[in-house]
Amino acid sequence: MSVSAPTGRDGAGVGLAVTVALALVAGANLVFAVARGAPAWVFDAFLLAASVLLVVYVVGAYLPQRRSRQAQEAAQRETELLGEALLTALESIRRGNLTHLADATAPMPAELRSAFEAAVTSLTSLVQQIQNSSTETAAASDVVHTTAADLASGSAEQAAAVVEITATMEQLARTAAQIARNAATQAELAAKAEESGTAGADAVTEALAGVEAVQQRIADVASRADDVGSRAKEIYRILDLITEIAHETHILSLNAAIEASTGGEAGKRFTVVAEEVRRLAQRSRESVESVRSLLDDFAASIRAAVVATEEAGKEAVRVLERSRRAAAAIAELRGALSDTARAAREISLATEEQRTASDQVVLTLREVSEVIHKMADSLKSFRGAAEKVDTLALSIQLLTQSFRLDSPRSLKNLVERWAAELSAHTGHWEAVEGWLAAAVREAPSVELAYLTDRNGTMLAFALGGDAKGDAQVPANVTVGANFSDRPWFQSTMRDGCAILTPLYQSMLTGEPCFTVAAPVRDRTGAIAAVLGLDVNLRSWTKI
Amino acid sequence: MNREREGGAHGGRYLVVATGEHLCAMAVEQVRSVVPALTVVPCPATDPNLLGLAEYGGEPLPVLDLAALVGAPAGAVAEFPVTVVVRTRGEGGSVGLAADAAVGVVEVPPHLTATGSGLVQARGTWQGTVLHVLELAALGGERRQ
């Protein structure tokens with residue numbers, strides 16, 4: 001039989017089993033030997049050997065094994081106590097409580113407690129850094145979001161302006177093209193007008209020559225009319241002479257008739273002659289009158305012709321003067337038309353260049369517009385990314401708020417501190433409302449602070465600074481109303497520590513908010529009430 | 001009518017002259033000649049009908065205003081005025097009668113109205129104009145008166 005060293009409970013068991021097996025084998029051999037008639041001393045020797053072995057076993061194996069087991073059990077109890085302390089501390093940490101861990105870590109060995117507290121301190125520092133970083137990230141993402149929104153708005157306005165400018169430039173290009181066409185047409189018209197002006201100048205020159213010839217003819221006619229007038233005067237003088245002769249003939253015939261009247265038969269024949277002479281004189285006078293009348297008409301016509309000729313001469317002079325002025329004007333007009341044609345050609349070329357430039361500008365503006373649209377799309381994506389970053393930062397903020405830190409930004413620390421202070425009011429809650437009103441003034445991000453008893457019945461509530469003004473307290477938030485079905489109440493009652501709800505829309509302000517709640521304990525440590533704080537997310541992230 | 005017949009005794013032919021707006025007819029036997037209006041030199045006289053004296057055949061010839069004698073209204077300015085040299089009652093006596101024009105020697109129409117003695121023996125209308133038939137013999141008597 002061999003005894004193994006008491007290295008443990010399993011080793012002791014094996015030794016005991018080996019010993020019992022050896023005893024059983026030895027007993028069996030002894031019974032077989034007795035049965036085959038072995039001597040009695042064999043039996044005695046066997047008993048002696050067995051007794052020695054038993055003593056050896058007890059002294060060498062059992063007693064040390066028993067001492068070791070007691071020490072092991074003591075160590076195991078210590079380990080269990082340490083584990084429980086560690087579990088309590090870790091559970092506290094799991095619940096986010098990184099403060100007031102002294103009680104939990106007291107059972108730990110000094111070295112372990114020191115390491116644990118160092119780890120908690122590091123974790124607290126990490127959470128605070130994450131909080132700060134997430135706050136800065138949220139602020140930065142908010143700035144980025146705002147900037148991206150401004151840029152998107154600006155790019156949209158810029159795109160609209162570019163579209164307007166493009167349309168204007170297209171219109172300008174069309175107008176330039178139209179101007180170019182008009183200028184080309186004007187140049188052609190001016191060239192034609194210049195040709196017409198040349199022809200007109202030639203015509204005016206010919207007209208001038210014609211007018212000068214007419215003027216000369218009129219002068220000739222006037223001269224002829226003067227001659228005719230002189231001749232007419234001669235005719236009048238002759239007619240006067242004829243008239244006078246006819247009158248004298250008449251008188252002569254009368255005298256002849258008078259003489260014939262006293263001349264008897266011969267006188268009668270002479271009377272006939274005298275009468276014929278008188279009639280001749282009479283016809284002469286009548287003919288002279290007729291000629292005079294005709295001559296009067298002729299002279300009047302001549303005078304009218306002379307007057308008309310003089311007027312025509314004057315008019316010819318005026319026409320000549322006007323024609324000369326017209327010739328000068330046509331010459332100036334030709335010059336102006338030539339200048340106009342040249343200017344129109346230059347305008348046509350310039351506007352053609354302008355149209356080409358405008359087309360290029362339009363193409364460039366379209367490219368700019370595309371770039372702006374792409375930039376706007378990118379900004380939209382950028383804005384979405386900024387929103388995501390913002391949301392992520394807020395989520396991190398909320399996540400870090402699941403830890404209770406000894407920090408002003410730790411809402412769990414705040415609510416539990418307030419809950420601890422409210423513990424003094426246990427049993428007489430009538431003064432709580434004033435206390436809540438005074439407390440929320442110190443926390444601008446708290447929209448609503450409320451206290452329920454352990455059954456969820458509202459005891460008191462107070463509106464926060466940001467929620468006052470136009471905010472209306474929801475109708476269901478009244479003293480006496482029951483909130484036991486609310487997640488924040490149930491979580492607080494279940495976990496017995498401060499809790500944080502996910503984001504939801506505030507019924508008070510319509511903005512995103514979340515609730516942080518903590519149990520209010522009485523002197524015995526039992527939960528007497530639940531304190532809830534509705535925190536406005538936007539206001540809180542600005543702090 | 002007796003006067004007309006008496007006129008007819010003169011041969012029935014009269015010298016008709018225009019004076020003013022009227023006509024005057026005088027027997028051709030009493031007329032010496034008709035000449036273009038003589039140049040009259042006015043002379044002092046009591047007879048308002050005497051225009052003056054003219055030279056005729058080398059002798060002075062008194063010229064009377066015929067229109068004034070018969071009371072004819074003034075007409076247009078005569079173009080070819082004449083002086084009718086007539087015989088008076090005296091031997092070889094002549095008087096000039098200033099008239100506007102000599103119309104002709106014609107037969108005087110019968111429908112005249114006798115006006116009695118004096119220079120104007122009868123008066124009527126001839127070719128639409130007032131016609132005075134003169135008795136030139138009365139000029140001598142009148143002159144004598």
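Predicted model: local features only at pLDDT ≥ 70, side-chain atom pairs only at ≥ 80, totals over all residues.
Q: At roughly what angle do the axes of helix H2 and helix H4 of chain A cross?
A: Helices (H or I, at least four residues) and strands (E, at least two) are DSSP runs, numbered from the N terminus. An axis is a line fitted to C-alpha atoms, for helices over the stretch in contact, and angles run from 0 to 180 degrees between N-to-C directions. The axes of H2(A), residues 40-94, and H4(A) come within 13 Å of each other, crossing at roughly 10°.

Q: Are H2(A) and H4(A) roughly parallel or antiparallel?
A: Residues are numbered from 1 along each chain, and chains are lettered from A and ligands numbered from 1 in the order they're written. Angles under 35 degrees count as roughly parallel, over 145 as roughly antiparallel, 65 to 115 as roughly perpendicular and the rest as oblique. That makes this pair roughly parallel.

Q: How many nonpolar residues does the contact of H2(A) with H4(A) have?
A: Contact means heavy atoms within 4.5 Å, and those taking part include A:Leu86 of H2(A) and A:Phe116 of H4(A). Ala, Val, Leu, Ile, Met, Phe, Trp, Tyr, Cys and Pro count as nonpolar, Asp, Glu, Lys and Arg as charged, and the others, Gly among them, as polar. There are no polar and no charged residues here, and the nonpolar count is 9.

Q: How do H4(A) and H5(A) run relative to each other?
A: The axes of H4(A), residues 110-261, and H5(A), residues 264-400, come within 2 Å and cross at roughly 175°. The two helices are therefore roughly antiparallel.

Q: Which residue forms a salt bridge with A:Arg366?
A: A salt bridge is a side-chain nitrogen of Lys or Arg within 4 Å of a carboxyl oxygen of Asp or Glu. A:Arg366 is in H5(A) and its partner is in H4(A), so the pair ties together parts 196 residues apart in sequence. With the closest N and O atoms 2.4 Å apart, the partner is A:Glu170.

Q: How much area do chain B and chain A bury between them?
A: Buried area is the accessible area (1.4 Å probe) that two parts lose on being put together, summed over both. Here 67% of it is on carbon and sulfur atoms, and the value is about 1,300 Å².

Q: Which strand gives the most to the side of chain B that touches chain A?
A: Strands E1 (13-19), E3 (31-36) and E9 (101-107) of chain B each supply at least two residues to that side. The one giving the most, with 6 residues, is E3(B).

Conventions
Heavy atoms only, no water.
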